[in-house]
Amino acid sequence: MTLLLATKWLLGASFALWALLTFFVVVRKYGRDRREARSTQRRALLERLARDGDVDELAEVLRPAARDLDAQVDVDAAIARVRPDLNAYRLARVRAAAHASGLESALVDQLGDRDPVARGEAALVLARLGHQLATHRIAGLLSDRDPDVRLAACRALALLATQQGAEALIAALAERQMPPERIVERLAAPWALQATLDALANATSSLPVEAPARGAGRAIPFRASLARALGLVGDPRAGSALLQLLRGGSEEEQVNAARALGEVGSDEAPRALVDALGSASWPVRAQAATALGALGSSEAVPALAECLGDGAWWVRANAAGALRALGPSGLNALRQALDSEDRYARERAGEALALEGLRTGAAA
């Protein structure tokens with residue numbers, strides 16, 4: 001009898017626990033659904049008012065965001081969605097509404113909040129609003145103790161797209177405040193071109209690096225990172241600075257300069273890259289070969305053909321890939337290499353031609 005009662009008590013307790021957990025799950029889901037529905041409605045209203053509403057009406061909707069982080073997330077999402085459709089007049093009215101609602105001043109104060117989420121969200125919303133006067137405050141977050149806040153500040157400065165913001169990002173790159181690639185991808189834009197060129201001109205040599213940036217696996221020279229950014233922008237005005245770095249930089253700087261020249265191009269780039277094929281550094285030779293293929297430099301065919309017998313596998317592979325990219329003249333050089341006395345050259349030429357679907361035997 002005692003065992004039966006204990007079993008019944010255990011089953012009852014288990015059922016009660018199951019019911020309680022189910023209740024909590026349902027309540028939580030109901031709350032989440034309500035929040036999502038409220039958020040969806042608020043974003044739709046903000047989008048409509050940003051496009052067509054008056055300042056007072058929009059200010060009233062923005063007012064809760066001055067003290068509610070969830071509402072700020074909705075403001076961020078709504079403005080991001082409609083920003084491409086807003087002309088200067090409408091954007092000015094959105095800013096006026098943010099000022100009138102108290103959201104603007106609340107966000108500036110929030111940049112110093114103890115909560116890292118609040119700091120990061122404040123930076124992003126201010127950037128969405130185009131609040132230029134906050135640039136120097138947001139730039140200060142690039143050295144924040146929280147890595148997510150640093151990334152939010154990096155993104156916010158890119159949204160603001162100002163000369164001052166570009167200079168702040170370059171300073172953070174030099175001081176290794178975060179992984180270089182996170183900053184490089186933000187600097188890879190026309191608005192940051194002049195600041196990047198100025199920084200490259202003023203950095204006469206790689207800054208001393210004793211440790212990787214926070215979160216980075218290895219150290220990357222400062223000027224090499226700037227060259228990467230210039231390559232991603234792809235503006236021909238960067239050609240002269242990149243040529244200078246290719247001719248006088250460290251190994252990694254030359255590698256990145258060669259890669260960037262393949263994207264930027266210039267009248268002098270093919271000749272300089274052909275010269276780089278004679279570098280003592282195989283990574284430089286390999287990247288120069290790839291860049292020549294990207295530029296479509298048919299005059300580089302003889303030099304690339306010589307690289308098919310290079311002592312470094314990557315140089316041979318990249319030279320063969322470049323010759324394939326150069327079309328008929330490059331393919332003809334690969335066919336001629338099939339008769340080379342150099343075994344490496346014959347092998348690379350045969351593999352490259354096979355990738356083009358071309359026959360490489362005696363009948364060819």
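## A buried aspartate and its partner

Asp-74 is buried in this predicted model, because its relative accessibility is 2%, under the 20% cut-off. Its side chain meets that of Arg-43 in a salt bridge, with N and O 2.8 Å apart. The two residues come from distant parts of the chain: Asp-74 sits in helix α3 (residues 69–82) and Arg-43 in helix α1 (residues 2–52), 31 residues apart. Arg-43 is partly exposed, with a relative accessible area of 29%.

There is a further member to meet here: Arg-42 is linked with Arg-43 and Asp-74 in a network of salt bridges. Side chains of opposite charge can pair when their charged atoms come close.

## Other salt bridges

The structure holds 16 salt bridges. One of them joins Arg-223 to Glu-253, whose closest N and O atoms are 2.9 Å apart. This pair also links distant parts of the chain, with Arg-223 in helix α12 (residues 222–233) and Glu-253 in helix α14 (residues 251–264), 30 residues apart. Arg-223 is buried at a relative accessible area of 11%, and Glu-253 is buried at 1%.

Now look at Arg-237 and Asp-235, whose side chains meet in a salt bridge of 2.8 Å, N to O. Arg-237 is exposed, with a relative accessible area of 60%, whereas Asp-235 counts as buried at 17%.

## Two helices side by side

How do α6 and α8 lie relative to each other, roughly parallel or roughly antiparallel? Helix α6 (residues 116–128) and helix α8 (residues 147–160) pack at an angle of about 5°, and their axes are 8 Å apart. They are therefore roughly parallel, since angles under 35 degrees count that way.

The residues of α6 in this contact include Ala-123, Leu-124 and Ala-127, while those of α8 include Ala-152, Ala-156 and Leu-159. By class, the contact has 10 nonpolar, one polar and three charged residues.

Thr-135 lies in helix α7 (residues 135–140) and is buried, with a relative accessible area of 1%.

Ser-297 lies in the loop between α16 (282–295) and α17 (301–306), and counts as buried at 3% relative accessibility. Beyond residues up to four places away in sequence, Ser-297 touches Pro-270, Leu-292 and Leu-326. The C-alpha atoms of Ser-297 and Leu-157 are separated by 38 Å.

## How confident is the prediction?

The mean pLDDT of the protein chain is 87, and 91% of its residues reach 70 or more. Over residues 206–218, however, the pLDDT is below 50. Beyond near neighbours in sequence, that stretch has 31 contacts in the model.

Terms used:
Residues numbered from 1 in each chain as written. Predicted model: local features only at pLDDT ≥ 70, side-chain atom pairs only at ≥ 80, totals over all residues. Heavy atoms only, no water. Helix = DSSP H or I, 4+ residues; strand = E, 2+ residues; numbered from the N terminus. Buried < 20%, exposed > 50% of the residue type's maximum accessible area, 1.4 Å probe, protein only. Contact = heavy atoms within 4.5 Å. pLDDT = per-residue confidence, 0-100. Axes fitted to C-alpha atoms, helices over the stretch in contact; angles between N-to-C directions. Parallel < 35°, antiparallel > 145°, perpendicular 65-115°, else oblique. Nonpolar A, V, L, I, M, F, W, Y, C, P; charged D, E, K, R; others polar. Salt bridge = Lys/Arg side-chain N within 4 Å of Asp/Glu carboxyl O.
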